[in-house]
Amino acid sequence: MDEISDRLGAAQLPAAERQAILKKLIINHDRLVEGVEALSRFHMPVKGGIHDTGCVSAIVGDSRTGKSFAASAYARRYPPVPGEKGMILPVLLVETAPTGGLRPVLENLANALGMLQSPRMNNALLTNNILEGLRYHQVQLLIFDEFQDVCDSRNVRLAVDVKRLLRKILNLDALNIVCIGLPETYEILANDKQLVGRGGLQHAHLHPYTWDSQEERMSFRLLCEKFDEGMPFQEKSGLGSASVAQRLHWVSDGIIGKLKNFLFQAGCLAINDGCEHVTFEHLAMAYSAIKPPKTIFNPFVDDWSQRPTEQSDLPLSSAQHALSKRSVAHA
Ligand SMILES: Nc1ncnc2c1ncn2[C@@H]1O[C@H](COP(=O)(O)OP(=O)(O)OP(=O)(O)O)[C@@H](O)[C@H]1O
Ligand SMILES: [Mg+2]
């Protein structure tokens with residue numbers, strides 16, 4: 001089925017199914033491609049070649065920019081396969097743990113490797129078992145997500161322990177490591193000469209979409225257009241048009257996670273109304289529901305030229321001037 005008949009078919013489904021489609025919409029957009037391509041480079045620097053070993057890399061970006069989503073998408077390309085000795089786990093995705101020191105980090109790793117562990121095992125033994133497990137399961141790429149959790153300056157000890165663990169894993173010279181996290185993750189790794197020495201610390205930054213260049217605007221409009229195509233409505237809602245996309249950019253800061261939440265909420269309102277597509281009214285209501293308390297401007301109701309901006313080069317009423325979007329959102 002093509003996209004149009006998919007959408008038309010979806011529009012006829014019961015409300016619960018339409019809701020589920022909205023919730024689970026997956027969009028193949030530029031930043032996802034960037035994230036997956038970076039992981040692919042860090043895993044196998046030569047396309048069609050073999051996996052690299054002994055290097056650490058990073059993927060960083062603001063919250064909700066799609067880092068974890070890209071990592072899961074990449075890991076799904078390399079599912080576990082049975083080998084001669086046991087399961088081969090080419091790409092292992094592990095979350096670090098924010099509290100409890102090194103132990104929960106080790107436990108998460110051990111769990112991802114399907115290892116039996118007991119509380120009586122000390123950290124040194126558990127670490128050795130993990131190193132053996134990584135070799136045994138022929139792990140090629142180990143991805144640590146939420147890496148900023150182990151980089152908290154209030155817990156220096158944990159960061160030191162985790163970096164020592166990374167070095168031990170890299171010293172196996174059997175696999176590469178990618179650390180994913182908020183922008184500060186890069187600094188933490190970059191400050192460790194021994195880690196940087198292991199591969200030069202290649203990195204990719206998943207930025208929010210901006211509205212500053214023609215190219216970025218087109219990428220963001222395409223993202224909105226793809227959402228529009230995937231939403232379960234009889235008719236398209238014009239989300240990719242310049243004027244709607246610009247407003248969607250304003251409410252989402254160009255961040256995929258925020259955009260998805262927003263369109264989900266607007267889509268739910270449109271389903272409830274029995275509408276054939278999402279209207280400006282639904283977008284306006286969805287924004288009212290998330291609007292920071294002191295914000296007056298609603299981009300789907302008010303004159304766009306009156307929008308509060310960071311720069312003061314636009315005609316603003318004095319009240320709105322005081323309430324620039326950023327200062328309100330972060331107040
Ligand atoms: N390609 C996509 N299509 C649809 N939804 C997406 C896509 N990428 C991300 N999302 C949604 O955006 C939200 C944020 O994505 P994700 O969790 O990957 O962000 P993140 O960068 O890991 O954020 P954090 O730093 O807060 O962990 C999630 O709800 C996810 O489902
Ligand atoms: Mg994440």
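A residue counts as buried at under 20% relative accessible area, as exposed at over 50%, and as partly exposed in between, using a 1.4 Å probe and protein chains only. By this rule Trp-304 is buried, because its relative accessibility is 12%. The structure is a predicted model, in which local features need pLDDT of at least 70, side-chain atom pairs count only at pLDDT 80 or more, and totals for chains, interfaces and linings use all residues. Residues are numbered from 1 along each chain as its sequence is written, chains are lettered from A and ligands numbered from 1 in the order in which they are written, and side-chain values use heavy atoms, with hydrogens and water left out.

The overall fold comes first. The chain has 331 residues, and 46% of them are buried. Its secondary structure consists of 15 helices and seven strands. These are DSSP runs numbered from the N terminus, with helices (H or I) of at least four residues and strands (E) of at least two. Along the principal axes, the C-alpha atoms fill a box of roughly 65 × 50 × 40 Å. An automatic or database domain assignment sets the domain bounds. Domain 1 covers 51-206, and domain 2 covers 211-329. Their C-alpha centres are 37 Å apart.

Aromatic rings were examined next. A pair of aromatic rings is described by the distance of the centres and the angle of the planes. Rings of Phe, Tyr and Trp (its six-membered ring) pair if their centres lie within 6.5 Å; planes under 30 degrees apart are stacked, those over 60 are edge-to-face, and the rest are tilted. The whole structure holds nine aromatic pairs. In one of them, the rings of Trp-250 and Phe-297 have centres 5.3 Å apart and planes at 75°, so this pair is edge-to-face. The two residues are 47 residues apart and link distant parts of the chain. Trp-250 belongs to helix α11 (residues 242-252), while Phe-297 sits in the loop between α13 (280-290) and α14 (318-322). Both residues are buried. Phe-297 also pairs with Trp-304: the centres are 6.3 Å apart and the planes at 40°, so that pair is tilted. Phe-297 counts as buried because its relative accessibility is 1%. Together with Tyr-287, the residues Trp-250, Phe-297 and Trp-304 form one aromatic cluster.

Charged side chains also meet rings. A charge sits over a ring if NZ of Lys or CZ of Arg is within 6 Å of the ring centre and within 35 degrees of the ring normal. Lys-23 lies over the face of Phe-264, 4.5 Å from the ring centre. Arg-31 lies over the face of Tyr-209, at 4.1 Å. Phe-264 is in helix α12 (residues 256-272). With a relative accessible area of 15%, Phe-264 is buried. Leaving aside residues up to four places away in sequence, Phe-264 touches Gln-19, Leu-22 and Lys-23.

A polar side-chain atom of Ser-63 is 2.7 Å from an oxygen atom of ligand 1. A side-chain N or O atom of Lys-67 is also 2.7 Å from an oxygen atom of the ligand. Phe-69 uses a backbone N or O atom, 2.7 Å from an oxygen atom of ligand 1.

Notes. Contact = heavy atoms within 4.5 Å. Polar contact = N/O pair within 3.5 Å; in protein donor to acceptor, adjacent residues only side chain to side chain.
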